[in-house]
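Hello,

Here is the structure I promised to pass on to you. Please have a look at it first, and then read my notes below.

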Amino acid sequence: MSSYYQRHIFFCLNQRPNGEDCCALHGAQAGFERCKQQVKAAGLAGPGGVRVNKAGCLDRCAGGPVAVVYPEAVWYTFVDEADIDEIVQSHLRDGQPVERLMLPPTVGR
């Protein structure tokens, strides 16, 4: 049975109270918006393709900003538009995870 979407990418957009470190303080919203734009421009959006979603806390704040791609369960961190573009082109379009942007499994909150 095939999935409605080939891949989902979730961006943590969580904002913590009292100035605690969180993805929202590290450009997560801009990364989310860039990803949506690039997925749409590449013709990847929609059923059978890619869905770009907002998420609350993914509990990996120390690596923020973070995003995770399913069904592969590949966790990413990113710093700029070029990183997002590489994730879209390499992983979301071509199915090749971007190793240099993967979040180490030991990084948590």
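Leaving out residues up to four places away in sequence, Asp-83 touches Phe-78, Arg-100 and Leu-101 in this predicted model. Asp-83 belongs to helix 2, which covers residues 81-93. With a relative accessible area of 6%, Asp-83 counts as buried, because the cut-off for that class is under 20%.

One of those partners, Phe-78, deserves a paragraph of its own. Phe-78 sits in the loop between strand 4 and helix 2, and its relative accessible area of 4% makes this residue buried too. Which residues does Phe-78 touch, not counting those up to four places away in sequence? The list runs to Phe-11, Gly-27, Ala-28, Gly-31, Pro-65, Val-66, Ala-67, Asp-83 and Ile-84.

Now to the strands. Strand 3 (residues 66-70) pairs with strand 4 (residues 74-77) in the antiparallel sense, over four bridges. Ala-67, which is also on the contact list of Phe-78, has Tyr-76 in strand 4 as its bridge partner. Three residues lie between the two strands of this hairpin, and in it Ala-73 takes a positive phi near 60 degrees.

The helices come next. How do helix 1 and helix 2 pack, in angle and in distance between axes? Helix 1 (residues 28-41) packs on helix 2 at an angle of about 45 degrees, and the axes are 9 Å apart. That angle makes helix 1 oblique to helix 2, and the crossing is right-handed. Helix 1 brings Gly-31, Arg-34, Cys-35, Gln-38 and Val-39 to the contact, while helix 2 brings Glu-81, Ile-84, Asp-85, Val-88 and Leu-92. By class, the residues of this contact are five nonpolar, two polar and three charged. Gly-31 and Ile-84, both part of this contact, are also touched by Phe-78.

Is Asn-14 buried or exposed? Its relative accessibility is 19%, so Asn-14 counts as buried, the limit being under 20%. Apart from neighbours within four places in sequence, Asn-14 is in contact with Cys-22, Cys-23, Ala-24, Ala-55, Gly-56 and Cys-57.

Definitions and conventions
Residues are numbered from 1 along each chain as its sequence is written. This is a predicted model: local features need pLDDT of at least 70, side-chain atom pairs count only at pLDDT 80 or more; totals for chains, interfaces and linings use all residues. Side-chain values use heavy atoms; hydrogens and water are left out. Buried means under 20% relative accessible area, exposed over 50%, partly exposed in between (1.4 Å probe, protein chains only). Contact means heavy atoms within 4.5 Å. Two strands pair if DSSP finds at least two bridges between them. Axes are lines fitted to C-alpha atoms, for helices over the stretch in contact, and angles run from 0 to 180 degrees between N-to-C directions. Angles under 35 degrees count as roughly parallel, over 145 as roughly antiparallel, 65 to 115 as roughly perpendicular and the rest as oblique. A crossing is left-handed if the near helix is turned anticlockwise from the far one by less than a right angle, and right-handed if clockwise. Ala, Val, Leu, Ile, Met, Phe, Trp, Tyr, Cys and Pro count as nonpolar, Asp, Glu, Lys and Arg as charged, and the others, Gly among them, as polar.
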